[in-house]
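Please find below a short note on the structure, arranged as numbered points.

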Amino acid sequence: MLTPSEASLPPASGAWREGDPPGRRRWYEHAGPLRLEAGGELPGVRLAFETWGRLAGDRSNAVLVLHALTGDSHAAGDAAPGHPTPGWWDGLIGPGRALDTDRWFVVAPNALGGCQGSTGPSSRAPDGRPWGGRFPFLTQRDQVAVEAGLADFLGIDRWALVAGGSMGGMRALEWAVSCPERTRGLLVLATAAAASAEQIAWADVQLHAVRADPNWRGGDYHDAGPGLGPHAGLGLARRLAHVTYRSEPELRVRFGRAPQGAEDPWRGGRYRVESYLDHHAAKLVRRFDAGSYVTLTEAMNSHDVGRGRGGIRAALGRVTARTLVAGVDSDRLYPLSQQAELAAGIPTSDHLRVIGSPCGHDGFLTEVEQVAALVGELLG
């Protein structure tokens with residue numbers, strides 16, 4: 001079973017220099033092959049990442065921040081060229097904030113398989129064509145293996161904290177299990193020890209939506225021309241996913257049964273909640289690749305921290321990092337019972353922390369003050 005310490009990664013090269021300005025995307029590259037847990041290999045790996053703050057001389061102040069499914073390396077900062085949206089944890093990272101960049105060196109990589117600078121289905125394969133449908137199956141362990149190479153490249157032997165929610169929480173958990181000696185603190189939010197049957201089921205409907213789009217072309221659409229990708233299928237997948245990310249009470253209070261402006265739902269118009277879903281679908285289609293959505297969703301479905309390790313309890317027993325586990329009280333996609341399993345199974349964790357929010361699963365992103373308090377408890 002492949003673990004990051006066992007991955008075949010050659011010496012690193014890249015474009016990062018200590019002291020580069022914050023928030024600018026950089027790249028870390030491995031020229032040689034990466035063996036994959038499911039079999040096969042990637043002949044070369046490129047990882048986009050961003051940093052904030054300065055790395056201390058003893059390398060003790062590094063924090064790894066890991067994004068969710070449709071996030072990327074832009075965890076902090078305004079929207080800018082190459083970054084179509086503001087940082088997804090902008091309220092948490094910066095001078096005077098919970099991850100105070102006057103004290104901490106914060107690193108946010110774009111996950112392997114993504115589409116914001118890291119190697120993924122839209123990247124060019126050795127033959128010069130996009131990987132497309134030929135891109136291999138990835139797991140969180142493959143992603144963490146490359147992130148461990150990034151840490152080596154940056155000269156970081158041990159993270160002061162590894163933090164993430166949802167898919168980022170899966171990778172954070174894998175870091176603490178696979179590399180306990182490299183993880184001093186751990187914050188996992190709104191995630192699970194293993195993807196559940198219901199989570200896989202919701203993901204399956206989204207995958208079918210993308211693949212049923214005639215423009216999917218088996219994943220080989222990247223050279224088809226502008227506007228010819230599976231945008232309708234990706235938009236439908238996003239609509240479905242976004243409903244699971246929020247809560248019924250929030251949608252009821254925000255939208256109720258109101259029509260969208262002057263539109264009449266009885267005559268082809270939309271309800272306000274339909275317009276809301278249209279908006280989020282259109283935003284994602286403009287900035288995200290359908291192939292990466294499929295690759296990362298399948299990686300999330302594969303998540304099982306106990307695979308090949310004697311089961312979940314045995315795997316969680318490997319964690320030595322000081323750990324906080326938190327869930328969102330209104331999360332219907334990753335319910336609190338899953339975080340309770342983590343809190344009970346990790347020897348260095350105490351009781352489950354609960355984030356109060358009407359926003360459902362997305363509460364780990366929206367409730368910045370509550371997340372900041374957890375970060376402060378670990379790093380204070």
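1. A salt bridge is counted when a side-chain nitrogen of Lys or Arg lies within 4 Å of a carboxyl oxygen of Asp or Glu. The model is predicted, local features need pLDDT of at least 70, side-chain atom pairs count only at pLDDT 80 or more, and totals for chains, interfaces and linings use all residues. Residues are numbered from 1 along each chain as its sequence is written, and side-chain values use heavy atoms, with hydrogens and water left out.

2. Arg270 and Glu263 form a salt bridge through their side chains, at 2.9 Å from N to O. Arg270 is partly exposed at 27% relative accessibility, and Glu263 is partly exposed with a relative accessible area of 27% (buried means under 20% relative accessible area, exposed over 50%, partly exposed in between; 1.4 Å probe, protein chains only).

3. A salt bridge of 3.0 Å, N to O, links the side chains of Glu174 and Arg309. Glu174 lies in helix α2 and Arg309 in the loop between α7 (290–301) and α8 (312–316), so the pair ties together parts 135 residues apart in sequence. Helices (H or I, at least four residues) and strands (E, at least two) are DSSP runs, numbered from the N terminus. Glu174 is buried, at 1% relative accessible area, and Arg309 is buried, at 8%.

4. Pro347 occupies the loop between α9 (336–345) and β11 (353–355) and is exposed, at 55% relative accessibility. Leaving aside neighbours within four places in sequence, Pro347 contacts Leu316, Gly317 and Val319 (contact: heavy atoms within 4.5 Å).
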